[in-house]
Amino acid sequence: MNNKQNGPLTAKPAKKESSITARTQTIHLIGIDNHSHQLFNKTATVSNNELQNMLNDNIEFYGYNWQHTNYDERTNTFTLHYLPKKVTFKVVNIDENGKKISSRAITVDFATDLTVSPTTIDGYGALDQEKTIKVDNLLPEVIQFHYQKDRSDGAHSDNSVVTTAKKDSEEPDSAKKFDSSQASQDSDTKTHSLADKEGQSKLPQTGEATVGKSAIIGWLLLIGLAGQKILKRARQL
């Protein structure tokens, strides 16, 4: 009795272990994109039921859409093929006051590098250079380009610089007037100075002439007196 009861009890667990082992398998999973770039390579333990559905299962991978799966029975490998999802970037052009000038949308593949250059906008000049962004997010941030409004007198400003440079080399009218009046004052001052000098130079000449005349008169008087004395003596003799 005891042998009959023990026989079935010990056999049942052995059957369960063998059935579990038979229902599971270890497989290899490889994911590739449309350019045959490997996205992942891993192993997984699946049941026979899961194994039968593996060819039709959509195993999600961030940023990609599953297309189909191939199975290699020799290596027990499943190769999953994916296409990158589309990512849309919004590009906004704003002025120096933060106001939107214009905007546009750019759609690219996930896991690529996006290079965006500022567009040409009439009346504005771009302040930013081109930007390169790695597309690794399905919800990207807004790309902003800053612009400065062109001044209406932009061309005139260049001319004004040249004009200003020319004016710097020339004297303004007020300066000319000031210089002319100053020149006239200087000339008058010079004239007076010359006149004073001439007057000063003439005064000594006049004095010298007066002294010379007095000397001559004095000599003449002396000669006259001497002559009178000589006549008196002659008369006395």
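This report walks through the fold, the aromatic pairs and the surface of a predicted model.

## Ground rules

The model is predicted, so local features need pLDDT of at least 70 and side-chain atom pairs count only at pLDDT 80 or more, while totals for chains, interfaces and linings use all residues. Residues are numbered from 1 along each chain as its sequence is written, and side-chain values use heavy atoms, leaving out hydrogens and water.

## Overall fold

Let's start with the layout: the protein has four helices and ten strands. These are DSSP runs numbered from the N terminus, with helices being H or I of at least four residues and strands E of at least two. Along the sequence the pattern reads α-β-β-α-β-β-β-β-β-β-β-β-α-α.

Of the 237 residues, 15% count as buried (buried is under 20% relative accessible area, exposed over 50%, partly exposed in between, with a 1.4 Å probe and protein chains only). Among contacts (heavy atoms within 4.5 Å) between residues at least 6 apart in sequence, 42% join residues at least 24 apart.

## Aromatic pairs

Rings of Phe, Tyr and Trp (its six-membered ring) pair if their centres lie within 6.5 Å; planes under 30 degrees apart are stacked, over 60 edge-to-face, and the rest tilted. By this rule there are seven aromatic pairs. One of them is the tilted pair of Phe 61 and Tyr 64, at 5.9 Å centre to centre with 40° between the planes. Phe 61 is partly exposed at 28% relative accessibility, whereas Tyr 64 is buried at 10%.

Tyr 62 and Phe 110 form an edge-to-face pair, 5.7 Å centre to centre and with 80° between the planes. Tyr 62 lies in the loop between α2 (48-53) and β3 (64-72), and Phe 110 in the loop between β6 (100-109) and β7 (113-116), so this pair ties together parts 48 residues apart in sequence. Phe 110 is buried, at 8% relative accessibility. Ring pairs link Phe 40, Phe 61, Tyr 62, Tyr 64, Tyr 82 and Phe 110 into a cluster.

## Charges over rings

A charge sits over a ring if NZ of Lys or CZ of Arg is within 6 Å of the ring centre and within 35 degrees of the ring normal. The charged end of Lys 42 sits over the ring of Phe 40, 5.5 Å from its centre. Lys 131 lies over the face of Phe 145, at 5.0 Å from the ring centre.

## Surface

The protein exposes about 18,400 Å², with carbon and sulfur atoms supplying 53% of it (Shrake-Rupley method, 1.4 Å probe; for residues, only the protein chains shown count as cover). Ile 223 lies in helix α4 (residues 173-236) and is exposed, with a relative accessible area of 55%.
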